[in-house]
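Open the model in your viewer and follow the stops below. Each one says what to select and what is there.

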Amino acid sequence: DGVVEGDVLVGLRSSGFHSNGYSLVRKVLVEGKTAEELAAPVAELNGETLGDALIAPTRIYVKPVLNCLRNQPGGIRALAHITGGGITENLNRALPASVNAEVDLGTWPIPPVVRFACDQANLSEEEALKTFNMGIGMVLIVDAARVDAVMDELAKSGEEPVVIGKIVEGTGVVRYAE
């Protein structure tokens, strides 16, 4: 309820797919492959093996976010954990009906394994954004006047926060800008 026009979207990077789209990932990247194929370096993954890329542990954001909530009270207005449904179908749950989240694509790097899965599945950008986290595992909606302090606090906890957009007038949906 506290989210207002002008608030800032701060993204915390993911370590890969997390819990997003593993049925699709298994179908397009794993089925029919031998153990040797999964253990071979893949150029599109910067030489990492597909097996290693797929078993990257899910990042957990509890400690850095709790530290930030304690040390910057009121700075974070809402949180969205980007799980199944991607940014499109998770961030909207943190919005009141009077605003939209305008996400600026290209403000963070998409992990190579996510891009590779999108390419192998021939996903449109719209479908990819509804299927995978695209490299952002958590979005914080932050009071614009407190964004620097919140980002500094997150950095102290080892995060590399990135501004990925803003809150604008709207109807409670996620929109993308490039």
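Start with Val10, which stands opposite Val163 in strand S5. This is a predicted model: local features need pLDDT of at least 70, side-chain atom pairs count only at pLDDT 80 or more, and totals for chains, interfaces and linings use all residues. Residues are numbered from 1 along each chain as its sequence is written, and side-chain values use heavy atoms, without hydrogens or water.

Now select S5, residues 162-169. Four bridges join S5 to S1, and the two run antiparallel. Strands are DSSP runs (E, at least two residues), as are helices (H or I, at least four), numbered from the N terminus. Two strands pair if DSSP finds at least two bridges between them.

Next, select S1, residues 8-13. Five of its six residues are buried, meaning under 20% relative accessible area (1.4 Å probe, protein chains only). S1 also pairs with strand S4, residues 136-142, in the antiparallel sense over six bridges. Click Leu9: its bridge partner in S4 is Ile141.

Move on to the largest pocket, with a volume of about 250 Å³. Of the 13 lining residues, Ile110, Arg115, Glu125, Ala128 and Met134 are the closest to its centre. Helix H6 (112-120) and helix H7 (125-131) each give two or more residues to the lining. A pocket here is an open set of points on a 1 Å grid over the protein atoms alone, where a 1.4 Å probe fits, with protein on both sides within 12 Å along at least five of seven lines; lining residues have an atom within 4 Å of a point. The volume is the space filled by probe spheres set on the points, which are joined across faces, edges and corners.

Definitions and conventions:
Buried < 20%, exposed > 50% of the residue type's maximum accessible area, 1.4 Å probe, protein only.
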